Amino acid sequence: MTDIANVDGLRPLARRPKFDWSLVVFGLLTAILVGLVVYPMSRLLIESFSDPKTGSFTVANFFDVARRSRYLLAYWHTVQLAVVTVIMSVAMALPMAWVVSRTDIPGRSLFYFGTLGAFIMPPFLGAIGWILLAGPNAGWINQIWTSLTGIEDPLVNIFSLWGLAFVIALNVFPLIFIFATSALDLISSEMEEAAAIHGAGPMRTTWIITLPLALPAILGAIMLVFLETIALYGTPALIAIPARFNVATTQLTTFFEYPAKIELAMAFSVPLVLITVVLLGAQRLLLRGGHVAVSGKGGARTAMRVGRWKWLFLAHGVAVTLLAVILPAGILVSTSFQIAWAKAPVLSNLTLDNYRAILFEQATVREAMFNTVYFALASATACTILGFLTAYVVIRKLIPYSSALAFLAVAPVAVPGIVLAICFYAAFAGPPFSLYGSSLIIILAFITRFLPIAFVSCASGIRSLNPELEEAVRIHGGSRMRAMVEVVAPVLKKSLMGVWILVFVICSRELSTAMFLTSHQNRVISILTLDMSEQGDYETLAAMGVVLLVVTSTVVAIGMRLLGRDFMLRRN
């Protein structure tokens with residue numbers, strides 16, 4: 001048979017290969033990560049080693065920081081605060097984690113409620129709540145103490161190093177709870193049963209068997225609590241500044257008093273970044289090393305009977321939940337309905353005017369509430385998409401040196417939020433970008449700050465997927481992009497939704513990263529809280545905080561309904 005294509009002397013047409021647009025997308029992804037991570041962070045080194053007058057290289061900025069006792073004292077206060085906070089956090093979280101994972105104590109779901117509530121409660125609102133409760137003059141605890149005993153001296157004073165550590169510990173102890181619970185859940189109870197057979201009681205068994213096995217994870221969590229404490233700004237700004245002692249984050253704000261000293265701020269920040277890098281590296285080694293008895297699959301576990309001890313541990317969990325969630329949230333709700341917060345909440349002192357003011361009258365508050373939700377929505381969406389794309393490229397090794405993208409995606413975790421804010425200020429506030437005061441610079445900073453969360457969670461999900469379905473799409477002519485959009489994303493939709501909700505909640509309460517980047521036109525609730533606390537307008541502030549708590553709690557409740565009760569406490 002004659003080949004029809006050759007009848008007229010024509011060659012058969014070869015099919016042109018389709019251009020794979022996914023390569024363009026992945027190339028753009030690399031450029032975005034460089035712009036969001038490398039460029040701002042490079043400003044940390046450039047500015048810290050630059051002479052502000054000539055722009056030439058110098059180490060004088062570091063000498064200026066090292067020879068001023070005020071700066072060194074701020075470092076020392078920061079270390080003290082972090083150590084005390086770690087001790088308090090361990091005392092709160094470790095017994096709760098052990099009870100939930102290893103014992104038969106009833107009412108353990110209360111511990112999950114306390115931990116999740118402490119996570120949802122923004123640090124600055126928790127601090128406001130405890131100022132209203134334990135302020136030395138008008139705090140409700142001290143008022144009740146004086147009325148009962150007649151003693152004028154306050155029973156507690158939140159405006160102290162110990163008070164500040166206590167308030168921060170109430171906010172960060174969920175980190176230890178999550179890590180410890182995850183590790184304890186993977187430990188088989190066989191060794192504990194063997195210890196019990198040889199006469200060891202539950203407390204001795206826990207001390208010599210269980211805790212040593214979970215120790216690497218617990219130490220890793222302790223390092224995270226230490227880092228979270230030294231990076232926190234909102235709570236120290238509300239408590240440490242009135243108490244007249246500086247920590248590193250509050251000291252950083254003084255460099256932006258006119259005239260701004262960016263070079264000193266950067267030089268002062270470098271030790272904080274170095275500490276973060278060292279501790280994160282140590283944490284990774286600890287968790288990688290692990291103990292051989294802790295495997296990737298949970299072993300057989302039998303709930304430990306603790307006898308009369310159960311009432312003590314139950315009381316401990318109730319006390320932590322009361323201190324971390326119920327008391328501060330309760331005083332905020334009560335204050336939001338009062339005319340004067342320091343007076344008794346009798347009928348004549350109750351009002352709805354605070355809510356009417358923030359919802360219908362005060363444009364500044366309405367704008368801050370709108371900005372908070374808008375920035376959180378935009379940042380959570382962009383962060384989830386960027387984290388998913390990056391994780392897919394890295395796990396599937398789609399481009400050369402994809403491991404470099406993984407490094408870029410997790411690098412922001414080594415930079416405290418307030419330091420990242422300074423980097424973005426130096427990189428984008430002035431020409432040629434001139435983004436200072438715009439919504440875009442805040443959203444970009446939030447995306448960069450929380451990209452590691454999205455990347456790690458998405459990478460874990462993608463790693464668990466067999467690539468055969470994606471290969472089937474490719475065999476039938478589909479692009480990588482189509483395989484990713486139509487196969488991988490739908491399969492991981494619950495995981496992606498969990499990442500989105502987690503980032504949304506964190507963005508809505510973020511303060512440190514918003515520092516130095518907001519203006520009067522685009523303030524968020526966290527920044528407005530600091531301004532209103534300085535004015536003593538706690539009634540309006542409390543109403544604003546209650547609205548924020550309602551919004552974030554509603555989002556979390558939807559997530560729990562769709563994804564499970566503890567989806568936020570089991571994120572990677």
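Me: In this predicted model, what does "buried" mean for a residue?

Reply: Buried means under 20% relative accessible area. Arg449 and Glu510 both count as buried.

Me: What makes Arg449 and Glu510 a salt bridge?

Reply: Their side chains meet at 3.9 Å, N to O. The cut-off is within 4 Å, between a side-chain nitrogen of Lys or Arg and a carboxyl oxygen of Asp or Glu. So 3.9 Å for an Arg and a Glu qualifies.

Me: Why is this pair said to tie parts together?

Reply: Arg449 lies in helix H19 (residues 439-463). Glu510 lies in the loop between helix H22 (493-508) and helix H23 (525-535). The parts they join are therefore 61 residues apart in sequence.

Me: Why is Arg67 called exposed?

Reply: Exposed means over 50%. Arg67 has 60% relative accessibility, so it counts as exposed.

Me: Arg67 forms a salt bridge with Asp64. Is Asp64 buried or exposed, and how do you know?

Reply: Buried. Asp64 has 17% relative accessibility, and the limit is under 20%, so the label holds. The closest N and O atoms of Arg67 and Asp64 are 2.5 Å apart.

Me: What makes Asp353 and Arg356 a salt bridge, and where do they lie?

Reply: Their closest N and O atoms are 2.2 Å apart. The cut-off is within 4 Å, so the pair counts. Both lie in helix H15 (residues 353-361), three residues apart, about one turn of the helix.

Me: How many salt bridges does a search of the whole structure find?

Reply: Seven.

Conventions:
Residues numbered from 1 in each chain as written. Predicted model: local features only at pLDDT ≥ 70, side-chain atom pairs only at ≥ 80, totals over all residues. Heavy atoms only, no water. Buried < 20%, exposed > 50% of the residue type's maximum accessible area, 1.4 Å probe, protein only. Helix = DSSP H or I, 4+ residues; strand = E, 2+ residues; numbered from the N terminus.
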